[in-house]
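Please look through the sequence and the structure shown here. Some questions and answers follow.

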Amino acid sequence: MELLIFYPLASLCVLFALGVVINKSPVGSAMSLIAMMLGLAGIFVLLQAHFIAILQIIIYAGAIMVLFMFVIMLLNLKDKGEDKNWLSRDKNLLLTVLSGFLVAGVLYKIIEITSSIEFNSPALLPETFGTVRQVGTILFTEFVLPFEVASILLLVAMIGAVVLAKSKVD
Amino acid sequence: MDMGTVPLSHYLFLSATLFVIGVTGVLIRRNAIVVFMSIEIMLNAVNISLIAFDRYMNLHDGQIFSFMVMCVAAAEVSVGLAIIISVFRNKPTINLDEFNIMKS
C-alpha cells in the first residue's frame with residue numbers, strides 16, 4: 001500500500017525537479033519547484049513526519065517560493081540573462097570522470113548500508129511519532145540552543161537582506 | 001520485509017536522484033534565480049534522507065535537523081535574492097557569466 005503511494009509521488013518529484021532545471025522561463029521553473037515541494041510534503045507524510053510536512057508546505061511552497069516569484073516579477077526577466085549554449089561550454093574530462101566515480105561510490109555505499117538487516121524494515125513507531133507535540137517537546141528541551149541560534153540566524157539574514165536591497169542613500 | 005512497506009534504500013535513492021538533479025542545475029544553468037532554485041532542490045533532497053532515517057530508526061533528531069535546514073534555506077534565499085537585486089541595479093543582467101563587477 002505504501003509502495004503504491006510512494007512510487008507516483010517519487011516519480012512526480014523527480015519529474016518536476018527535472019522541470020526546474022530544463023524549463024526555459026524562470027516562472028516555469030518556479031512553478032515546477034512549487035509542485036516538487038508539494039510532492040515532497042506528501043513523501044514526508046508517508047514517513048510519518050506530519051509536522052515537517054506542514055512546515056514544508058508553509059515555508060517552502062508558501063514563503064520561499066513567493067519570494068522567488070516576487071523577485072522574478074520585480075526584475076521583469078524576459079529571456080535575457082540566459083545562454084542557450086550550455087552544451088558547448090568548455091569541458092573537463094578528468095573532472096567528469098572523477099565525479100562519476102564519486103556518484104557511483106556513494107550509491108554503492110548506500111546499497112551496502114541499507115541492505116544490512118536493521119534497515120530493511122521500518123521501526124515500530126509509537127502513536128505520537130512526528131506530531132507537533134512530540135517534535136516541539138524535543139525542540140524546546142534537548143535542542144533549545146540550536147533553536148535560539150536559528151532565530152538569531154534569521155534575524156541576521158533579515159537585517160542583511162534589508163541592508164543589501166535598500167536603495168542607495170549616498 | 002513485507003511487500004507493503006517501502007525499504008529505506010528507495011528513499012535514499014530518491015534523495016540521491018534529487019540531489020544530483022540539483023547539482024546538474026547549478027552546473028549547467030547560468031540564470032542566477034534558477035541556480036538558487038537548484039540549491040533549494042539539493043536542500044530538500046537532504047531533508048528526505050534525514051527524515052527517512054528518522055522514521056526507520058524511531059528518532060526525532062533528523063526532523064529537528066531538517067527544521068534547521070529549512071531555517072538556513074530561508075535565510076539563504078532572502079540574502080541571496082537581495083544580492084541578486086543589488087547586483088541587478090548595477091548591471092541589468094542575471095546571467096552568472098556576466099557577474100564580474102568585482103573583477104578589477
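Predicted model: local features only at pLDDT ≥ 70, side-chain atom pairs only at ≥ 80, totals over all residues.

Q: Why is A35(A) called partly exposed?
A: A35(A) has 18 other C-beta atoms within 10 Å. A residue is buried at 20 or more such atoms and exposed at 12 or fewer. The value of 18 lies in between, so A35(A) counts as partly exposed.

Q: Where in chain A is A35(A) found?
A: A35(A) belongs to helix α2 of chain A, which covers residues 26–46. The C-alpha atoms of A35(A) and F16(A) are separated by 6.6 Å, and the two residues are 19 apart along the chain.

Q: What makes up the secondary structure of chain A?
A: Chain A has 6 helices and 0 strands. Along the sequence the pattern reads α-α-α-α-α-α.

Q: What percentage of the residues of chain A count as buried?
A: Chain A has 170 residues, and 23% of them count as buried. The term requires 20 or more other C-beta atoms within 10 Å.

Q: How many residues of chain B are in contact with chain A?
A: On the chain B side there are 61, and they are in contact with 66 residues of chain A. Contact here means that the C-beta atoms of two residues lie within 7 Å.

Q: Which helix of chain B gives the most to the side that touches chain A?
A: That helix is α3(B), with 21 residues. Helices α1 (8–28), α2 (32–57) and α3 (61–90) of chain B each supply at least two residues of this side. The side of chain B that touches chain A divides into 38 nonpolar, 18 polar and 5 charged residues.

Conventions:
Residues numbered from 1 in each chain as written. Chains lettered and ligands numbered in written order. Helix = DSSP H or I, 4+ residues; strand = E, 2+ residues; numbered from the N terminus. Nonpolar A, V, L, I, M, F, W, Y, C, P; charged D, E, K, R; others polar.
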